[in-house]
Amino acid sequence: MSPFRRDRPPVCLGTLASLPEDVPKRVGTSPPVAVVRHGETVHAFEDRCPHAGAILSRGVLVGEQLTCPAHKGVFEITTGRSIGDIPCRTLRTYTTWIENDHVYRTPTPQPKRTARHTTCPDGPGATQPTHQHPTPNSPTNT
């Protein structure tokens, strides 16, 4: 039996043969996802970098690590975790399965995992630094 909720059907990502081996591919579902095939295993995750908004399927894949083409942040494709030197939130990932040579994903992302980094320092949703104003008794640089 397919692992999806009964009220929303699974999303077909295409045939297994249509997914190139170890090459990220953008699949235009709603929302678009990046898909990576390793043999009979398929990983699906959001195709927008949460830091820079770049299309992740245009990034460089080395093993199970995908590098963002815009800011060089690194993500694990199996978990979506940010593992590089540039902190960023965890990618939304989807459960995938193969049925009759077609690859499917769940209609909703997997539950959020605890991220190594919770926010990107200068990406969408980042807070701007606050400026400290000197108090009358504090030393000033002159």
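Two strands pair if DSSP finds at least two bridges between them. Helices (H or I, at least four residues) and strands (E, at least two residues) are DSSP runs, numbered from the N terminus. This is a predicted model, in which local features need pLDDT of at least 70, side-chain atom pairs count only at pLDDT 80 or more, and totals for chains, interfaces and linings use all residues. Residues are numbered from 1 along each chain as its sequence is written, and side-chain values use heavy atoms, with hydrogens and water left out.

**Strand pairing around β10**

- Strand β10 covers residues 102-105 and pairs with strand β1, residues 11-15, in the antiparallel sense over four bridges.
- Within this pairing, Val11 has Arg105 as its bridge partner in β10.
- Strand β9, residues 96-99, also runs antiparallel to β10, and four bridges join these two strands.
- Here Glu99 has His102 as its bridge partner in β10.
- The hairpin of β9 and β10 has two residues between the strands, and in this hairpin Asn100 takes a positive phi near 55°.

**Salt bridges of Glu46**

- A salt bridge is a side-chain nitrogen of Lys or Arg within 4 Å of a carboxyl oxygen of Asp or Glu; by this rule the count comes to five.
- One of them joins the side chains of Glu46 and Arg89, at 2.8 Å from N to O.
- This pair links distant parts of the chain, since Glu46 is in strand β4 (residues 41-46) and Arg89 is in the loop between β7 (74-76) and β8 (93-94), 43 residues apart.
- Glu46 also meets Arg92 in a salt bridge, at 3.1 Å from N to O.
- Arg92 lies in the loop between β7 and β8 and Glu46 in strand β4, so the pair ties together parts that are 46 residues apart in sequence.

**Accessibility of the partners**

- Buried means under 20% relative accessible area, exposed means over 50%, and partly exposed is in between (1.4 Å probe, protein chains only).
- Glu46 counts as buried because its relative accessibility is 10%.
- Arg89 counts as partly exposed because its relative accessibility is 24%.
- Arg92, at 42% relative accessibility, therefore counts as partly exposed.
- Salt bridges that share partners join Glu46, Arg89 and Arg92 into one network.

**Salt bridge of Arg81**

- The side chains of Arg81 and Glu76 meet in a salt bridge, at 3.5 Å from N to O.
- Arg81 has a relative accessible area of 30%, so this residue is partly exposed.
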